[in-house]
Every structure is written in C-alpha cells, then in structure tokens.
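The sequence and structure are displayed first, and the description follows.

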Amino acid sequence: MIHAVLTIDDVASRNTPAIVDYLNAKGIHAILFAVGRHVEKYPEQAVYALQHGMIIGNHSYSHPAFSKLTKEEGADEIERCETVLDALYRRAGTERRFRPFRFPYGDKGGNNKAFLQQYLAQRGFHKVKDTQIEAAWWKEQGLDRDIDTLWTFDFAEYNIRQGSGFTLDDVWKRIEDRHPANGSPLLEENSHHILLLHAHDETEALVPEYYRRFIDALLEKGVRFEKPAFREAEG
Ligand SMILES: [Zn+2]
C-alpha cells in the first residue's frame, strides 16, 4: 500500500471549484495552500472550496521567496495571509480548526529559518502529521521538526508551459521514477507521502483536467489518499 496526503498550492484560481468537485467525487480530502492575493482575486472559488469540505492553509500573501525577505517582511507576509483567511472562513461560515502553513517554493527563509519556525509555532500554526513518513532524508533535513509542511513528491506539472520543453510525459516519468533526484519515489510499496499539486489555470489551459489525469492514475496504481491529520499546536 502507498499512502498519500494531497496538498494543492497557489489556491484560489478559476479551476479551484472543478478540482474540489473532482476530489469530493473521489472521496479525497486535501489541504489547499492559499496565496492571500489569489483569494482576494477569486473569493467565490475559495469560499466554494471551504463550503465543500477542504482545509485551506496559509501560503503567504504574495508568494515571495522568504530567504529574500527580512524577518519583519516574512512575518508580515504570513500575517497578511492570515487576515485574508480569517475573513474567508467567516464569509464561508466554516470553522477554522487547523492552520497549516507552507512556504512558497519550499523556501524556509534562509538565515531567518529559525526565527520563522519559532514565529509559526508561537502563532499556533499546525504541523501536518508526518510521523508516518519514514524516508531518511525527511528526518536528516529536520523536516519532522519544522512547523511548516513540505512535500515528499512534487508532480511538477506547473512546468508545463508553452515553450518550456516540459510536457505531460515528464510528469508521468516523475511518477514512475524509482530514483528521483529529490524527494521520495512515489510508487515505493509501504511508503507514506505528502503530494504537491498546484491549482493553476495556465496548466488547465494546456492540459484540461490535469489533476484528474494524475490522481486517477495514482488511484489505479493503488495509492490510498488519507485524510490530513495534524499535530497539536505548540504555541
Ligand atoms: Zn506556491
């Protein structure tokens, strides 16, 4: 059995409701990591996701690389997105029980990493439960102790762009890759994963319903999608 928690970044977008409908049809619970200004641009789509059972986490306000920010700017990016998400949950009429966080690009802030981790802990962000992830690199990099949520497998489908040279075939190769340069091999028996997909209208335009293609294929290969669980906040 291959176990996976699905995360979808850069929400909201025009295609967010269609992704949510698909996930619900398959009985898959996901964490959607939202960019504050994307939620401001597509509020209806974000409300739809909350009212249809998804958890929305903080992915910063404007999607910067945190290693290029000062401590104050980093904290401000987190807080501005918090303000947007608190208002969004109120508007949707759903209780905000969990506050997961993901850094844009998985960039944990360089020299400010320790400060930002402490900040996330003190502000009561919830770590996605990852004790089931046994990959050695996960612990070697200290990811089991960090409050933010990284991933073990990245579909990298956001690279599919006109003229990029990265195609759907490259995503299939990543799915099948037994020795990936980073992350863990997806199809390793008895492995546990946090999967990274994106809600990008640009991908939708080139590969309609890309999310359905990938997730249907994983389901066929016996991947079991699990409901996200969280560690208690420490703050
Ligand atoms: Zn992102």
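Which residues does Asn112 touch, not counting residues up to four places away in sequence? Asn112 touches Leu69, Thr70 and Lys71, where contact means heavy atoms within 4.5 Å.

## Basis of the description

The model is predicted, so local features need pLDDT of at least 70 and side-chain atom pairs count only at pLDDT 80 or more, whereas totals for chains, interfaces and linings use all residues. Residues are numbered from 1 along each chain as its sequence is written, and side-chain values use heavy atoms, with hydrogens and water left out.

Asn112 is located in the loop between helix H4 (71-92) and helix H5 (113-122); helices (H or I, at least four residues) and strands (E, at least two) are DSSP runs, numbered from the N terminus. With a relative accessible area of 13%, Asn112 is buried. Buried means under 20% relative accessible area, exposed over 50%, and partly exposed in between, with a 1.4 Å probe and protein chains only.

A polar atom of the Asn112 side chain lies 3.1 Å from the backbone oxygen of Leu69.

## The zinc site

The zinc ion has as its protein donors Asp10 (OD), His59 (NE2) and His63 (NE2), lying 2.1 Å from it. Donors are N, O and S atoms within 2.8 Å of the metal (3.2 Å for Na, K and Ca); water is not among the atoms, so sites may look incomplete. Along the chain, the donors of the zinc ion follow the spacing D-x48-H-x3-H.

Both His59 and His63 are buried. His63 lies in the loop between E3 and H4 and has a positive phi of about 60 degrees although it is not a glycine. The relative accessibility of His63 is 17%, and therefore this residue counts as buried.

## Aromatic pairs

A pair of aromatic rings is described by the distance of the centres and the angle of the planes. Rings of Phe, Tyr and Trp (its six-membered ring) pair if their centres lie within 6.5 Å; planes under 30 degrees apart count as stacked, over 60 as edge-to-face and the rest as tilted. By this rule the count comes to 13 aromatic pairs. One of them is the stacked pair of Phe155 and Phe214, at 5.6 Å centre to centre and with 15 degrees between the planes. This pair links distant parts of the chain, 59 residues apart: Phe155 is in the loop between strand E4 (153-154) and helix H7 (168-176), and Phe214 is in helix H9 (residues 210-220).

Phe155 has 0% relative accessibility and so counts as buried; Phe214 is buried as well, with a relative accessible area of 0%. Ring pairs join Phe155 and Phe214 into a cluster with Tyr22, Phe153, Trp172, Tyr210 and Tyr211.

## Nonpolar cores

A nonpolar core is a set of buried Ala, Val, Leu, Ile, Met, Phe, Trp, Tyr and Cys residues joined through side-chain atoms within 4.5 Å. The largest one has 54 residues, of which Leu6 and Leu23 touch the most other members. H4 supplies the largest share of this core, 6 residues. Apart from it lies another core of 12 residues, including Phe101, Phe103, Leu116 and Ala121.

Leaving out residues up to four places away in sequence, Leu6 touches Leu23, Ile28, His29, Ala30, Ile31, Leu195, Leu197, Ile215 and Phe225.

The buried residues of H3 are Gln45, Ala46, Val47, Ala49 and Leu50. They pack against helix H1 (16-26), strand E2 (30-34), helix H2 (36-41), strand E3 (55-58) and H4. Just after H3, Gly53 takes a positive phi of about 90 degrees.

Tyr48 has its place in helix H3 (residues 43-51) and is partly exposed, with a relative accessible area of 25%. Not counting residues up to four places away in sequence, Tyr48 touches Pro17, Val20 and Asp21.

## Backbone features in two loops

The peptide bond from Val11 to Ala12 is cis, with omega near 10 degrees. Ala12 is placed in the loop between strand E1 (2-11) and H1.

Ala156, in the loop between E4 and H7, has a positive phi of about 60 degrees although it is not a glycine. Ala156 is buried, with a relative accessible area of 3%.

Definitions and conventions. Polar contact = N/O pair within 3.5 Å; in protein donor to acceptor, adjacent residues only side chain to side chain.
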